Amino acid sequence: MKTTGNTMLFTGGTSGIGLGLALRFAAAGNTVVVAGRRKQLLDAIVAEHPGISAVELDVADPASIAAAYEAVSRSHPELDVLVNMAGIMLPEDLRDPGHLAVAEATVTTNLLGPIRVLNAFLPLLLRQDDATVVNVSSGLAFVPLPATPTYNATKAAIHSWTESLRVQLAGSSVQVVELVPPAVRTDLMPGHRDDESAMPLEEYLNETFEILRARPDVEEVLVDRVRFLRFAEVEGRYDDVLALLSSRAS
Ligand SMILES: NC(=O)c1ccc[n+]([C@@H]2O[C@H](COP(=O)([O-])OP(=O)(O)OC[C@H]3O[C@@H](n4cnc5c(N)ncnc54)[C@H](OP(=O)(O)O)[C@@H]3O)[C@@H](O)[C@H]2O)c1
């Protein structure tokens, strides 16, 4: 994908990686729309960053996706990049029947969310000369963190779905990119922002933006830190890495 001259919608654009990347792209000469549920944050982002616009969006709610599509396709009919960033990550004890609500919310947000959002926006993207869908999986798609079972499963599913999407869109004007973040210091889970073993957000954003800038045809965006997880199985380290992750709560 190109890193300048796009008109981009970031779901999950109110905080963390989504907001950070949105600001990088805005500074690099792209038109940016951020989306999320937290209206106060959307208003603050628009007030602090002239040129960025915002739309309320709950990716777990089909009516909200339809309303956001109506608003964005009217305000930005030239939209050519969809970044499916919105996601949640919650611990679950599968022995506790109460985990089911977490599992259902996680699938609805992390898996059904991008599927529904793409379904709404793909016809518009296909009408552009040069467009991109960016999906966001995780290093945990490749080796699970047992404390967050449904989260890992949704990210493995997003990886698989993204591969199929890329094949189905081959030969169209829409390129498909997968971001595969390692642990990054954001508020995705309580305590995550201060986790010394996670990658500092600014470092992740710098490395990611540089990969996208230097390699316009990149399919999977892999910062160095995620290779440990991404290639664990093929490099014969899967059991060791799973054992390591099994001792972690987040
Ligand atoms: N940080 C990491 O270690 C890491 C590692 C691998 C992958 N990732 C992935 O990167 C993405 C961004 O996470 P982050 O670390 O930046 O965490 P974050 O700061 O918590 O950001 C999550 C974003 O998702 C949005 N969101 C959550 N549920 C939503 C819903 N139902 N509808 C619309 N938006 C929703 C939130 O916005 P609102 O609350 O305003 O709706 C927020 O903007 C996620 O997909 C995550 O799985 C993160």
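The largest nonpolar core has 35 residues, and F10, L21, F25, L179 and Y204 touch the most other members. A core here is a set of buried Ala, Val, Leu, Ile, Met, Phe, Trp, Tyr and Cys residues joined through side-chain atoms within 4.5 Å, with buried meaning under 20% relative accessible area (1.4 Å probe, protein chains only). Elements that each supply at least two residues of this core include strand 1 (7-11), helix 1 (16-27), strand 6 (174-179) and helix 6 (201-214); helices (H or I, at least four residues) and strands (E, at least two) are DSSP runs, numbered from the N terminus. A second, separate core holds 26 residues, V33, V72, V117 and L118 among them.

This is a predicted model, so to speak of local features takes pLDDT of at least 70 and side-chain atom pairs count only at pLDDT 80 or more, while totals for chains, interfaces and linings use all residues. Residues are numbered from 1 along each chain as its sequence is written, and side-chain values use heavy atoms, with hydrogens and water left out.

Ligand oxygen atoms sit 2.7 Å from a side-chain N or O atom of R37, 2.9 Å from one of R38 and 2.7 Å from a polar backbone atom of V184. On its own the ligand has 870 Å² of accessible area (Shrake-Rupley, 1.4 Å probe), and the protein covers 96% of that.

Conventions: Buried means under 20% relative accessible area, exposed over 50%, partly exposed in between (1.4 Å probe, protein chains only). A polar contact is a pair of N or O atoms within 3.5 Å; within protein, one must be able to donate a hydrogen and the other to accept it, and residues adjacent in sequence count only if both atoms are side-chain atoms.
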